[in-house]
Amino acid sequence: MDVRSLRYAVTLAETLHFGRAAQVHYIAAQPFGRRIQALERELGTPLFSRTSRRVALTPAGERFVTRARRILAQLDALVEQVEGPREDPPFLRVGVLGFGLADLWPDVRALVESRCPALGLVTVELDWENQYDTLRAGEVDVAVVHDVGGADDLVLDRTPALDRYAVVPVGSELGEADRLTLADVAGHRWVSPVGGQPGLAEWGDSGGRGRVAVRSPAGVPTAVATSGWLGMHAEPARRYFPHPGVRYVPLEGPKATIAVATRPDDRREAVAVFRAAARAVAGADRNLSGP
């Protein structure tokens, strides 16, 4: 029996829902459930009764959780006495997908430095597949992500929406267009972002006739140039990911949303300062750009 298993059992007793309890600890529901089962085997008695509709504590579970809460409170108090109060780290790990905050970066960085001059910013490159999970696992402190759904357990501060562009091969019949409609691109194949978020399907090919898969936004232009297929990007990619073999053409349809993501339980000052800086700069940019 370890401390983590105690925490898992207490959280499950509070939520009575395996999925929500697993999210609290930033792991998937299946491994969370296996840890609870292992704890029950070790104790030799079920702590929770499960049906298709509900989870409930057994009498043994109620006794166990009451004792576990006391033990965890004592452990936390002991750790706090030894370590002292937790301080903000000397650097903030910022996960960045693609161009991240694009043109907003200099102003956000300046605001953070003015508020926390001793704080260093360390960037960690993200891809579509791990853009949320890296934050959930604590590998980064904040993450600048492409908001494509699937992050209800995180806090998202959204920046102004960005126009979307088709990435087309130079020399294709679409390469000379000033603007493209959905009718213009109908029937063309699209390179596909790799990731499990539900909204990514709108940014690639879901036709099932084979795939040209890309793991990060930076890979889209090269994939388009080498395959001859089309790609999709937000407007800043024209400047941040130039490529001699492609052209960026405005495309009708839903805009892209970039967001600063944080964990709901992370209340450190450095994280709050970064969020506030991004909101302030994004709000100013929205006012300058108009509705």
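Predicted model: local features only at pLDDT ≥ 70, side-chain atom pairs only at ≥ 80, totals over all residues.
Which residues does Phe-274 contact, once neighbours within four places in sequence are set aside? They are Leu-92, Val-94, Leu-101, Trp-105, Val-108, Val-112, Leu-121, Val-142 and Val-260.

Three of these names return in helix α5, which spans residues 105–115: its buried residues are Trp-105, Val-108 and Val-112. Viewed down the axis of α5, the buried residues fall within an arc of 70°, so they line one face of the helix.

Val-3, Ile-71 and Leu-75 make a nonpolar patch of about 190 Å². Leu-75 belongs to helix α4, residues 59–83, and is partly exposed at 32% relative accessible area.

The remaining topic is charge pairing. Side chains of opposite charge can pair when their charged atoms come close. Across the whole structure, the search finds 17 salt bridges, and I shall discuss three of them.

In the pair of Arg-239 and Asp-103, the closest N and O atoms are 2.8 Å apart. Arg-239 sits in helix α9 and Asp-103 in the loop between β3 and α5, so that distant parts of the chain, 136 residues apart, are linked. Both partners are partly exposed, Arg-239 at 40% and Asp-103 at 47% relative accessibility.

Next, Arg-268 and Asp-141 form a salt bridge with an N to O distance of 2.8 Å. Because Arg-268 lies in the loop between β12 and α10 and Asp-141 in the loop between α6 and β5, the pair ties together parts that are 127 residues apart in sequence.

Finally, Asp-157 meets Arg-279 at 3.5 Å, N to O. Asp-157 is in strand β6 and Arg-279 in helix α10, so this bridge ties together parts that are 122 residues apart in sequence. Here Asp-157 counts as buried, at 13% relative accessibility, while Arg-279, at 42%, counts as partly exposed.

To close, salt bridges with shared partners join Arg-93, Asp-141, Arg-263, Asp-266 and Arg-268 into one network.

Methods:
Residues numbered from 1 in each chain as written. Heavy atoms only, no water. Buried < 20%, exposed > 50% of the residue type's maximum accessible area, 1.4 Å probe, protein only. Helix = DSSP H or I, 4+ residues; strand = E, 2+ residues; numbered from the N terminus. Arc of directions from axis to C-beta. Patch = residues over 30% accessible without salt bridge, like charges linked within 9 Å, V, L, I, M, F, W, Y side chains within 5 Å. Areas by Shrake-Rupley, 256 points an atom, 1.4 Å probe, with all protein chains shown as cover. Salt bridge = Lys/Arg side-chain N within 4 Å of Asp/Glu carboxyl O. Contact = heavy atoms within 4.5 Å.
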